[in-house]
Amino acid sequence: MITKLKIANFKSHKNTELSAGNLTLLTGMNSSGKSSVLQSLLLLRQSFKKGRLKDGLDLNEPLCEIGLGDDALSRFATDNHIISFILQEENGENWNFQFNVEGKYHDTFIPKTGSEILELGKHSLDILFSNDFQYISSSRWANINSYPPDSYAVETEKQISLKNGQGELVAHFLNYYGESKNFSIISKLILHPNNHSSNLLEQVVEWEKEISPRISIKAEKKFDKFEIEYEYKGAGDNQPIQNLKSKNIGFGISYSLPVVAALLSAKPGALLIIENPEAHLHPRGQSKLAELIALVAQSGVQIFVETHSDHIFNGIRKAISQKKIDKDKVKVHFFELNEENISVPTEIHFYDNGRIVNYKEGLFDQFDNDLDELLGL
């Protein structure tokens, strides 16, 4: 597991150091450096998967698009032009990745300094480079009729996304693993209380019901594509509404589907990166999704989440209070820009009851501020 991340001379990060836990939550104002933290990990993975990390950093495709060396280099890199990512493992070992942008400002590849070579299977940093990884971005596919197939990416690499974390393989993934007898959910912690089956698709359906009650989901292959069909069970003696396409149901259902599938299919020791899990969801759905995120993290999965949702934030606090996740496994960082427009994160700490130890102005306080104005306080 990654326990610490140091970022130097990358975009708005001049010299940032963050602690990481089973669940690491990144929040704060827009354009304050949250996404850049995730991109540091994504850049390392995409360069490794393309076989190029031994030589340097590949800035574009398939996980993120940074552009050119000048786009990646911090505007405040006055002492040198070296971008540095240092990852610390739970055993205390550091992995220092350094890339020299000097002379490469208009290039899409930045050469590596030093000769450190990664060997998969040798350390706990493997979770960033192995198949036990999922990236679900804020640019997810939703409300479409058919999804593409990719047998190798799904059936060998176990991926839900091909490009930019879009979740475009979720239909193929659920069709292949959803009801497979060779795949089952290991951790009983994450089984929904209404259904104790370890069947992946059944659990996906139960957790999606927290977003839209009585919904059911089928993932089927139709010719050379995969489709997700939805159904609403009838209440009492009422007949169900069947064979609904994604475009004819609530946007949040299909938008949250890759997130829920990634969480439920993750094995202990896996790594997930999720952007804005709350998108298009009703507050109750956001809160229940936060509960699932906490339970999956408690089960031994490492999760990095970027969010602007007070319901996700408070849902995690509630999970701490209800002992669904250990307080020490949660790391929350609130990002701001200082007067020089450099990213400055503050780690937020909690009491055992989920209350905040070190409150920061701007930390999900807009509801209270607006209410005070309405009440004339």
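Hi everyone, let me start with a lining: sorted by class, the residues around the largest pocket are ten nonpolar, five polar and three charged. For those classes, Ala, Val, Leu, Ile, Met, Phe, Trp, Tyr, Cys and Pro count as nonpolar, Asp, Glu, Lys and Arg as charged, and the others, Gly among them, as polar.

Before I go on, a word on the model. It is a predicted one, with local features needing pLDDT of at least 70 and side-chain atom pairs counted only at pLDDT 80 or more, while totals for chains, interfaces and linings use all residues. Residues are numbered from 1 along each chain as its sequence is written, and side-chain values use heavy atoms, with hydrogens and water left out.

Back to the pocket. The space in the largest pocket comes to about 280 Å³. A pocket here is an open set of points on a 1 Å grid over the protein atoms alone, with protein on both sides within 12 Å along at least five of seven lines; a cavity is a set where a 1.4 Å probe fits but cannot get out, and lining residues have an atom within 4 Å of a point. Grid points are joined across faces, edges and corners, and a volume is the space filled by probe spheres set on the points.

Which residues lie nearest the centre of the largest pocket? They are Lys-158, Phe-173, Phe-183, Ser-265 and Lys-267, out of 18 lining residues. Two or more lining residues come from each of strand 8 (133–136), helix 5 (170–177), helix 7 and strand 12 (271–275). Helix 5 gives the most, with three residues. Helices (H or I, at least four residues) and strands (E, at least two) are DSSP runs, numbered from the N terminus.

Please look at Lys-158 for a moment. Lys-158 sits in the loop between helix 4 (151–155) and helix 5, and has a positive phi of about 60 degrees although it is not a glycine. Another backbone feature is the cis peptide bond from Glu-61 to Pro-62, with omega near 0 degrees. Pro-62 belongs to the loop between strand 4 (56–58) and helix 2 (69–72). For context, most residues other than glycine have a negative phi, and most peptide bonds are trans.

Axes are lines fitted to C-alpha atoms, for helices over the stretch in contact, and angles run from 0 to 180 degrees between N-to-C directions.

Val-170, Phe-173 and Leu-174 of helix 5 touch Leu-257, Pro-258, Ala-261 and Ser-265 of helix 7, where contact means heavy atoms within 4.5 Å. By class, that contact has six nonpolar, one polar and no charged residues.

Helix 7 (residues 251–265) also packs with helix 6 (residues 200–209), at an angle of about 130 degrees and with the axes 10 Å apart. Helix 6 passes helix 7 in a right-handed crossing. On the helix 6 side, the residues in contact include Val-204 and Trp-207, and on the helix 7 side they include Leu-257, Ala-261 and Ser-265.

Helix 8 passes helix 9 in a right-handed crossing.

Finally, how many cavities of 30 Å³ or more does the structure hold? There are four, and the largest cavity has a volume of about 50 Å³. Its lining includes Leu-264, Ser-265 and Lys-267, and by class it has six nonpolar, three polar and one charged residues.

Note on methods. Left-handed = near helix turned anticlockwise from the far one by under 90°.
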